[in-house]
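Reader: Please show me the model, and let us then examine the grounds for the terms applied to it.

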Amino acid sequence: MPDWRWMPDVLNHVYWERIRAFQLPEDTYSEWVAFAVKQGRFYYEISGGAQGEAGFGEVVFCPPGRQFHRRVIEELSFHFFTFHWRAEGRGFEEPAGRREDMPLYPLGGITVLDHARLSSNYFYMEQLPQASPDRRRALGVHAFRDIWHLVCLERELASASGKDAEVHDPLMRSAAVWIRQHAFGPVVFRDVAARLGFTPVQFTRRFQALMGQSPMDWII
């Protein structure tokens, strides 16, 4: 589970809007990076075993030195961050990149369930170019840390309720993203379940364990 003592310290933030392809199909970064999807979907593979599809509600984390393969599936808008981890609550703050006890998490996509608060953070981050240069970074750090606080809080509550395993269910996370992306078109849950290798009843139970709602309630 995420450790509250580690906080992301943003080095750079860029908002990319309505792209149809990444400039590079793969890259290796010297710092931690995060892709926070506002709209659209993309497929990713990160050396070390993480892979999947990410859409709205997903933040994809990649540690330094890992190969990051990506491909746009649907026209994509996303916030891109480079950052360090800082160890707080110890009387000082220090970049974690050179510390032996730096966190090994996260790797790959993490779902944020509070979409309203996530959207609010995205809105304010997109207003950052209007802020004064000396305030821009501070506001960006605040917004990204708020997203990280949501991640920590949601997983802590899930763990306390015995649902930690379901929160990290990659199949259901992908299903939730796909349903959201296709919510205004015909969605046949029987076909979605079959695509994932479940019966409709199995799919509904597993989806509800993660999201706290049935697939039908989720799409409504």
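Author: In this predicted model, one aromatic cluster is formed by Phe22, Tyr29, Phe35, Phe42, Tyr44, Phe68, Phe78 and Phe80.

Reader: What makes Phe35 and Phe68 an aromatic pair, and why is the pair called stacked?

Author: The ring centres of Phe35 and Phe68 are 4.8 Å apart, with 15° between the planes. Ring centres within 6.5 Å make a pair, and planes under 30 degrees apart count as stacked, so both terms apply. This pair links distant parts of the chain, with Phe35 in strand E3 and Phe68 in strand E6, 33 residues apart.

Reader: Why are Phe35 and Phe68 called buried?

Author: The relative accessible area is 2% for Phe35 and 0% for Phe68. Buried means under 20%, and therefore the term holds for these values.

Reader: Why is the pair of Phe56 and Tyr122 called edge-to-face?

Author: For Phe56 and Tyr122 the angle between the planes is 75°, and the centres lie 6.3 Å apart. Planes over 60 degrees apart count as edge-to-face, and the limit for centres is 6.5 Å, so the pair qualifies. Phe56 belongs to the loop between strand E4 (50-54) and E5, whereas Tyr122 belongs to helix H1. Both Phe56 and Tyr122 are buried.

Reader: What makes Arg70 a charge over the ring of Phe22?

Author: The charged end of Arg70 is 5.0 Å from the centre of the Phe22 ring and sits over that ring.

Reader: Which residues touch the most other members of the largest nonpolar core?

Author: Among its 27 residues, these are Val59, Phe61, Phe81, Phe83 and Tyr122. The elements giving two or more residues to this core include strand E1 (6-19), strand E6 (67-87) and helix H2 (133-160). H2 supplies the largest share, eight residues. A second, separate core has 18 residues, among them Val37, Ala50, Val72 and Phe78.

Terms used: Residues are numbered from 1 along each chain as its sequence is written. This is a predicted model: local features need pLDDT of at least 70, side-chain atom pairs count only at pLDDT 80 or more; totals for chains, interfaces and linings use all residues. Side-chain values use heavy atoms; hydrogens and water are left out. A nonpolar core is a set of buried Ala, Val, Leu, Ile, Met, Phe, Trp, Tyr and Cys residues joined through side-chain atoms within 4.5 Å. Buried means under 20% relative accessible area, exposed over 50%, partly exposed in between (1.4 Å probe, protein chains only). Helices (H or I, at least four residues) and strands (E, at least two) are DSSP runs, numbered from the N terminus. Rings of Phe, Tyr and Trp (its six-membered ring) pair if their centres lie within 6.5 Å; planes under 30 degrees apart count as stacked, over 60 as edge-to-face and the rest as tilted. A charge sits over a ring if NZ of Lys or CZ of Arg is within 6 Å of the ring centre and within 35 degrees of the ring normal.
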